Amino acid sequence: MGETALQRETLLRASKLIKRFGDFTAIDEVNLVLQRGEIHAILGENGAGKSTLMKMLYGVYVPDGGALEMQGKPVTLHPPSRARSQGVGMVFQDFRLVPALTVLENIALSIDRAGFLLNKTKLAQQIADISERYGIAVNPHAYVWELDLGQQQRVEILKALVQGETKLIIFDEPTSVLTPHEVDAFLAMLQRLRADGYGVLLITHKIREVLACADTVTVLRNGKLVYRTSRDQEMTEEMLVSQMIGSAELPRAPERNQVVLVDEVAALEVEQLSINNDHDVTLLTGLNLTIRPGELVGVAGISGNGQKELLETLYGLRKVKSGSIRVAGADVTAGSVATRMERGVVYVTEDPIHESVVPGLSILEHMVLSGMEMSKKGLDVDWSDVRQRFDSLDVVRTLRVAQADRLVETLSGGNVQRMVLARAITRVPKLLLIAYPSRGLDIATTRATQKLLLGLREMGTAILLISEDLTELFEISDRIVVLSNHSLYGPYDPADTDPYQMGHIMLEGDEQA
Amino acid sequence: MIVEILTGAIRAGTSVLFASLGEVVAQRAGVINLGTEGSMLGGAFVAFAVTYQTGSPWIGLLAGGLAGLLFALIHAFLVIQRRANQLAVGLTIIFLAQGLTAFMGQDYVDKQINGLNPIAIPVLSDIPFIGPVFFNHDILTYLVFLLVPLIWWFLFYSKPGVLLRATGEREEVVFSLGKSPTLIRYLAVSFGGLMAGLGGAQLSIAFTHTWVENMTQGRGIIAVALVIFAAWLPTRAMLGAYLFGGAQALQLALQGRGLEVSPFLLFMLPYLLTLVVLFIVERRKVSSMPESLRKVFEGERGGG
Amino acid sequence: MRRFWIGLAFVLSPFVLFALFLLSQGANPLESYQAMLRSAFGDWYGIGEVAIKSTPFLLTALAVAIPARAGLINVGGEGQLMIGALLTTWVGVFYLQGVPAWVGVPVLILMGALGGAIWGIVPALLRQYARMNETITTLLLNYVAFFTVGYFVHGPLKDPESFNWPFSPKLDEALRLPTFGSTRVHIGFVLAIVAALVVWFVIFRTRVGFRLRVIGGNAIAALQAGIKVNRMQLLAMVFGGAVAGIAGMIEIAGIEGHLRPMTGFGYGYIGFLAAWMAWNHPLWTIGTAFLLGAISVAGNALEMTSGLPSSSVSILMAFILLTVLAVGRGSKAS
C-alpha cells in the first residue's frame, strides 16, 4: 500500500474542544487530528470522556468551545444527520437498530437520500459488495433480532459504509461484544478500511487491540488529553496503562479481614445450571458455583454474557432449564421469589429505576416492600413502627437516604440506588445477589458501599457481586468468577491473578478450565 | 347457499376490513385506537346525513371519511401529545361518537337515500360461483380489494413504510435518524381514522342504505382485535374481516331459512369467533406485536 | 394564583364546549344548564333520583378501579353487570319464590356477585394463559353478555304473561330492596357507598391493598418483592366483576323488578368514565359517580325543556373525561 499524497490528507481537525455538563467539565480543551488512512485509538478508563468527545464529533452534542474542521473547512456537525452528510459515521456500543426489521430495511432507513421506493434488489447488491470487500458478511434479509451481537455490529458498520459520503468512522468500544475469533476479523476489517483511505477513530480501553492496530493513540483522563503517541514512537503496554490510570502501579486492595467460616452449609450451591434467554436459546450452560457464608464472590464478564439472567434465575424470576439451586442446603430450584425471600435471599437489580421504583409510593413504603420487616397492625402495616425503625437505621445515615416521605419517583438515579442498597442490607441477608452497586454513585458513596458490603460479609452474608469494574472486583472479592462463552469460569483467587488475565478470560474463556 | 354466504361475507365484512386496514397502519406506528369504533360510527352517520342532504353518495363518502379522521385526531392529540392512556382515550371517543351520532342522527332514522349500489363487472361477474361472490359489489368493496395489496406494498416496499414500522418498534432509532416520530404517528392515526370513516360510510350508504342508532355494533372494536389476529399484516386482516363477515352472513342465511336457532346466539357468533381466533394466535410463542404497543398493553409502569 | 385560573379553565372547558354544542343545535345553553341543575338538585325528589341513578355508576366504577390498581384495564363492567342481573333474576324467579327477605336478598346479592365474578375471571384467565389483552376481551365479552341476556329474556326466562314483550317474570315483592320512606331511594345506594369505603380501606389501609398498589405501580418491582402478581390480578378481576355484578342485582331487586334486554345498558361504560375521572381512587369515584348520575338525571330534563334527546348528555360526559385525560399526567395524579 503506497503512501500517496491523498492518504496524508487531513480529514478532521478538532481544536481545543470543550464540553460541560453543568459544573462538570467532561472534555477540557482536547485537540485531535485524523488523516485519511489512519487508525486513531482513543484510550481511557470509564468516565474519562471518550464517549463525550466522540458524540461531539458525531454531532450528538454541541461543543461548548473549540473549533472543528473537515478537510480544511470549518464545519458544524450538530445534529447527527449533518455529521453524516459531512462524512462522519458512527458505530455505537448500544446499536441503533430496529430488531423487528430486516438488515436491509435497517440499512435503508439510515440512508439519508430521498426517494419513495426501497429498491431492495439494488440495495441488497450494494450490501453484498461491501460485505465481501470488508469481510463482514451478513444476510440482508435476516431480521435483526435473529442476529448475535457481532452480526448486529456488522449491520451498524454497513450502515456507515453504504452511506456514500462517509470518510470517517467512529467505533465505540467495538470489541466488547465480539468473541476472540470475531475480534481478529474485526481488526482485519479495520486494516482494509485504512487501506481504502477511511479515517478510523477507535474508542476502547483494551490496550492489546490498540497495540495491534492503532497508528496513533490518544489517552484521555478526567476529560483531559494526557498522552499521545504514535507507531513510530514509543508505544508499550506498560506506558499506556500507567497513563490511563494515572500511576504506574495498579491500586492495591484495601485491608480485608479474613472471615472465619463457622457455618459448614454453603449459602448458595448451584449445580449444572442451564438458562435460556428470552428467545428460548441457550444462554448459560453447565454452571457450578458455591458460595459459603461470609464469602464475597465477584462476577466479571463483558456485559450481555448472561449476568442479569443469572441473578434473575438465582432469585426465582426466571425459569431454570436444567440443574439445581440450593440455598442454605434447601433446594429452591422450582421455588418462587417468596420462598427465597423467606430464606434470606436479597436481590439488587442492575436497573433499579425501572425495576425497583413504584410510582406513587414513598421511600418508607419501598423500604418495607423488601428489606425492612413489615410489622403488622390489624390488617394493615404498622407504619409508625416502620418509621421509627427507619429513623434509627444506621445504613440510612451512612448511605444518606432521603427523607422517609419522599416519593421515590422524584429521586435522582443516585438517590434511588442509595435507597435500594440501604434496604438490601438493612436486615443482614443470608445471601445477597447484587448487580453493579456503584453504578451512578460518586466516589465517596462507592467507597461507603464497598465498606458496607465488606461489613455484611463479616457478619456472615454470602455475596454474589456483578460489576463491570475489574478494579472494584479485585479490591473486595474473595474469589472471582467469569461469565463468558455461555459458561462460568473460575473461581479464581484475586491474589493469584491480575486484571489482564481476567480480561483474557472474559474474552476467550479459560482453556485450562 | 354457499354462494349466498360468501357473497354476504364480503358485503358484511368490507366495512370491518376498511377499519382493520387503517388500524394495521396506525398500530404499526405504535398507536392502538379503540376509538376506531367511534370513527366508524361517525363516518357511518355523517356519510348518511350528507348523502341525504346533497343527494350525492360521493360527497357523503368524502364527508364520512373526514368525520372518521376528525375523531382519530382527538385520539392522536391526547395520546401522542398529552401522553394519555391509549385504551382509555379510545373508549371515551367511542362514547363521544355514540352520543353525538345518536343526538344528531335522530332525524335521519327511517330516511331513504340513493346510496352506492352494487356494480356487476362485465364478463367477470358472469363466471359461475366466483362471479357473484367477488364481482358484483359496490365500488367501495372493489376499492378495499385494491387497498389490501397497496398497503402491504407501502409497508414493506417503500421507505416511508419502513420508517412507519420503525416508529412503532423503536422510536428512538427514528429520532436518531433525524425524523419525527410524532409526525409519523399523527399521520398514521389520521389515516386509520380516515379508513374507519370510509368503513362506516360503506356500512350506511353502500351496505344497508339506512341509518340506525349505534349501527356499527362493535365492528370497530372487532376491527382492532382482528389486527392483532392478523399479526399486523394487511392480507391477514382481509382474512379476518371476511371471516367476521362470514359469521354475519351465516347468521342471516340461517335466519332467512327460519332455522330453530335463537337469533341471539347467532348474533354472538362474530364476537365469539373473534375471541377464539385471538385465543389461537396469542398462544404463539414469538409475538410480532410492535414494541410500542407492547408497552401500551403491558403498561409502561402499570395502568395509571 | 395562576395555577388556580388554569385549573378553573380546565374544569369549565367541557361545559363551555357543551354549551357551544347546544348553541349549534339551536338550544339556549343558559336555560338548558338551569333546567338541568334544577332537575337534579332543585328538590329532594331530584336528589333522590340522582342517588338512584348514581348507584350502579359507583359500583361499575369500582369494578374498574379495583383491577386498575393492579394494572389492569377492565372495560367489562357492562357485561359483568348484565350477567350479575341475569343470574340474580334466574335464581330469584325460579328458586326463591316465597322465601323470606332475610334469606332471599343476601342470596341474590351473592348471585349477582357470582355472575359478575364469572364474567370477570374469564378475561383474567385469558390474559394469564393466552396473553390476551383484557381491554379487548372485556369489550368483546360485553357484546356476548348483551346477547346472552337477549337470549334468556326472549327464551328460557321469558314471562309467559308478558304478551310477547321480552321481559322476565317479576321478582317476589319480598325480594325487592327496601326503600327509604315513600321515596324510590333504596338501600342499594347505601350498599354502594359502603362498598366504596370498603374498597378504599382495603386498598389504602391493608397489606393486601399495599401489594395491589405495588403491582399497579410497577409489576416488575412487585415480582422482585415476592408478590404473586398473577394471583393478585386474578383476584382483582374477580372482585371487580363481583362488584359490577352486585350493581346488576341492585338494578333488578332495587329498581326494575324484572330483567329486560336493556337492563343496565350503558352503565358499565359510564362507570368506566367515573373511575377514570376519579383516577381510580375509590373515594373520589363516589363524587364522580354522583356527578355523572346528576348529568344523567339532568339529561331527562334537557329532553323535556329543550327537546334535545337525553343521549346528548353522554356528549357532555365524554367532554369531561377527555378533559381529565388531557390534563392527565401533566398534573401529579394517581
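This is a predicted model: local features need pLDDT of at least 70, side-chain atom pairs count only at pLDDT 80 or more; totals for chains, interfaces and linings use all residues.

Now select residues 199-204 of chain A together. Six of the six are buried, so the strand is largely enclosed by the rest of the structure.

Select β3 of chain A, residues 39-43. β3 pairs with β8(A) in the parallel sense, over five bridges. For one of the bridge pairs, pick A:I42 and A:I203. Then select β7 of chain A, residues 168-172. Five bridges join β7 to β8(A), and these two strands also run parallel. Here, pick A:I169, which stands opposite A:V200.

Stay in chain A and zoom out. Colour it by domain. The domain assignment gives domain 1 as 6-245 and domain 2 as 268-356 + 427-508. Their C-alpha centres lie 33 Å apart. How many residues of domain 1 are in contact with domain 2? Four residues of domain 1 touch four residues of domain 2. On the domain 1 side, the residues divide into three nonpolar, one polar and no charged.

Move on to where chain B meets chain A. Here 16 residues of chain B are in contact with 17 residues of chain A. Select α7 (159-169) and α8 (171-176) of chain B, the elements that give two or more residues to this side of chain B. α7(B) gives the most, with seven residues. The chain B side divides into seven nonpolar, four polar and five charged residues.

Now turn to where chain B meets chain C. In this interface, 40 residues of chain B are in contact with 44 residues of chain C. Select α4 (86-105), α10 (219-229) and α12 (263-282) of chain B, each of which gives two or more residues to this side. Which of these helices gives the most? That is α4(B), with twelve residues. The chain B side divides into 24 nonpolar, eleven polar and five charged residues.

Keep α12(B) selected. At 1.5 Å a residue, its 20 residues should span 28 Å. The end C-alpha atoms are 29 Å apart, which agrees. Follow the helix to B:L269, where a kink of about 35° lies. B:P270 is one of the buried residues of α12(B). Others include B:F267, B:M268, B:Y271 and B:L275. What covers these buried residues? The cover includes α10 and α11 (234-256) of chain B, together with α6 (134-154) of chain C.

Finish in chain C. Select C:L59, in helix α3, residues 44-69. Is C:L59 buried or exposed? C:L59 is buried, because 36 other C-beta atoms lie within 10 Å and 20 or more is enough to count. Leaving aside neighbours within four places in sequence, C:L59 is in contact with C:A192, C:A195, C:V243, C:A244, C:I246 and C:A247. For a last distance, pick C:L273 as well. C:L59 and C:L273 are 214 residues apart along the chain, yet their C-alpha atoms are separated by 12 Å.

Note on methods
Residues are numbered from 1 along each chain as its sequence is written. Chains are lettered from A and ligands numbered from 1 in the order in which they are written. Two residues are in contact if their C-beta atoms, placed from the backbone, lie within 7 Å. Helices (H or I, at least four residues) and strands (E, at least two) are DSSP runs, numbered from the N terminus. Ala, Val, Leu, Ile, Met, Phe, Trp, Tyr, Cys and Pro count as nonpolar, Asp, Glu, Lys and Arg as charged, and the others, Gly among them, as polar. A residue is buried if 20 or more other C-beta atoms lie within 10 Å of its own, exposed if 12 or fewer, and partly exposed in between; C-beta atoms are placed from the backbone. The expected span of a helix is 1.5 Å times one less than its number of residues. The bend at a residue is the angle between axes fitted to the seven residues ending there and the seven starting there. Two strands pair if DSSP finds at least two bridges between them. Domain bounds come from an automatic or database domain assignment.
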